[in-house]
Every structure is written in C-alpha cells, then in structure tokens.
Amino acid sequence: GDATVVQSDERTAGGVVVPHEQRFRAMAGGGVLVEETVTIPEQLADLARVGVVMEAVPGLEQTEWFGRGPVESYPDRWHGSPVSRWRSTVADDYVPYVRPQENGGRNAVRWLELSEGSGRGFRLAFDRPCQVSATHYRAVDLASARHDVELISRPETIIHMDIAHRGLGTASCGPDTLPEYRVGPGTYTWSWLIAPLGARQSP
C-alpha cells in the first residue's frame, strides 16, 4: 500500500542538524514496515550509534531473539556469543556495571520478540542484522547516574535498534575503538517491521 512519509530534522546538543526520513507502510496481515534514512553530516565524525529507539508498554518482560547470545555482545566484542535463537527477560539482560553505561546489547539480531508470556506481544524484524537492546532504563538514566545503586528501573521497556553501533573502546581505560568499529558521516538506510505476535505479513 501507500506509504506515509515523516521527515524530521534531529538536532544534536551542539546544534548540528541530522536529517531523518521514515516511511511507514501498513502490512496486509497486520503490522507496519518502517523504512529509515538518516544522513549524518561531516561534523559528526565519531558517533555512539545510528538507529531508532522506541518504548513498549509495561508487562512485556519475556524476550526471544535470533542473533548473538546469550550474553551481551557488540560489534567488536562478540566472540563466544554464537548466532542462534535465544530466550531471556528484559530484567535479566541488564548488566550492572558499577558506573552505569551502555549494556545488555545483542549483536547481529535479525528479529526480537517481546511478550508477557501468554501470547500478547510483538515482533521486530530487521532487513539486515542490527545491534539491539531491550532495557528498563533510558539512555539518559544511564548517563546521569554515577553508581548503579542510583538507577531506578522503569516499568516500560526501552528498545534500541541500531543499524550502526560504535565499538566498546573509549581510550578512557585502555585502547580506543579500532577505526573499523567507529560510526561516522554518511547516509544510512535500513528497514524494520513491527507486528503483533502471530501476524502474517505481506505488503
């Protein structure tokens, strides 16, 4: 069917404009296909991630995914995390670093399901392997806390779906991320599908 196009200019804290276009297309069997285009300008030479974030209603605690697991994995740290079908919970995927930071990500994810365990929930499916996380903390929660005991778990589930994600090195302790694991300027295009569990999708 016809697509609904949403164009927005995201603005960084430093005032740099990042053009972002989303095309939403309803699927006949239920669900919505979202086609993303993000243009990162030259001024942004070293980003943490390029992707989208959404929040799910409370109660969808069960996770199942096809990608690397069962523990957290990232573009430059995934050895020992084979690609397979895995199950967990949002709470169990949290990694309690003493200084709160990015955690619980899963690399090379093709799809993720969130449910309440009785069939209610949804599936996110990606056109290529993505870096994905499902957590009870927003990025600002992690950034503003100095110690893990200061974090307050949110009832909602915050889902990050990243087409590009920086490696873990920061040079704050040890070496910086290798050049091939950095995220820089350019145009990023990808698509993902959100659908109720059990839906049969067709355009």
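Trainee: Does Ser-73 count as buried or exposed, and at what relative accessibility?

Mentor: This is a predicted model, in which local features need pLDDT of at least 70, side-chain atom pairs count only at pLDDT 80 or more, and totals for chains, interfaces and linings use all residues. Residues are numbered from 1 along each chain as its sequence is written, and side-chain values use heavy atoms, with hydrogens and water left out. Buried means under 20% relative accessible area, exposed over 50%, and partly exposed in between (1.4 Å probe, protein chains only). Ser-73 counts as buried, at 0%.

Trainee: Which residues is Ser-73 in contact with, leaving aside its neighbours within four places in sequence?

Mentor: Contact means heavy atoms within 4.5 Å. Ser-73 sits in the loop between E5 and E6; strands (E, at least two residues) and helices (H or I, at least four) are DSSP runs numbered from the N terminus. With those neighbours set aside, its contacts are Arg-68, Trp-78, Ser-81, Gly-105, Arg-106, Asn-107 and Gln-131.

Trainee: How many salt bridges does the count come to?

Mentor: A salt bridge is a side-chain nitrogen of Lys or Arg within 4 Å of a carboxyl oxygen of Asp or Glu. By this rule the count is 12.

Trainee: Which residue meets Arg-25 in a salt bridge?

Mentor: The N to O distance of this pair is 3.3 Å, and the partner is Glu-35. Arg-25 belongs to strand E2 (residues 17-26) and Glu-35 to strand E3 (residues 32-40), so the bridge ties together parts 10 residues apart in sequence. Arg-25 is partly exposed at 21% relative accessibility.

Trainee: How many residues apart are Arg-166 and Asp-46?

Mentor: Arg-166 and Asp-46 form a salt bridge, with the closest N and O atoms 2.8 Å apart. Arg-166 is in the loop between strand E9 (157-165) and strand E10 (186-196), and Asp-46 is in the loop between E3 and strand E4 (49-56). Arg-166 is buried at 12%, whereas Asp-46 is partly exposed at 41%. The pair links distant parts of the chain, and the separation is 120 residues.

Trainee: Which residues join Glu-64 in one network of salt bridges?

Mentor: Glu-64 forms a salt bridge with Arg-87, the closest N and O atoms being 3.2 Å apart. Glu-64 lies in strand E5 (residues 62-68) and Arg-87 in strand E6 (residues 83-89), so parts 23 residues apart in sequence are tied together. Glu-64 is buried at 11%, whereas Arg-87 is exposed at 68%. Through salt bridges that share partners, Glu-64 is joined in one network with Arg-85 and Arg-87.
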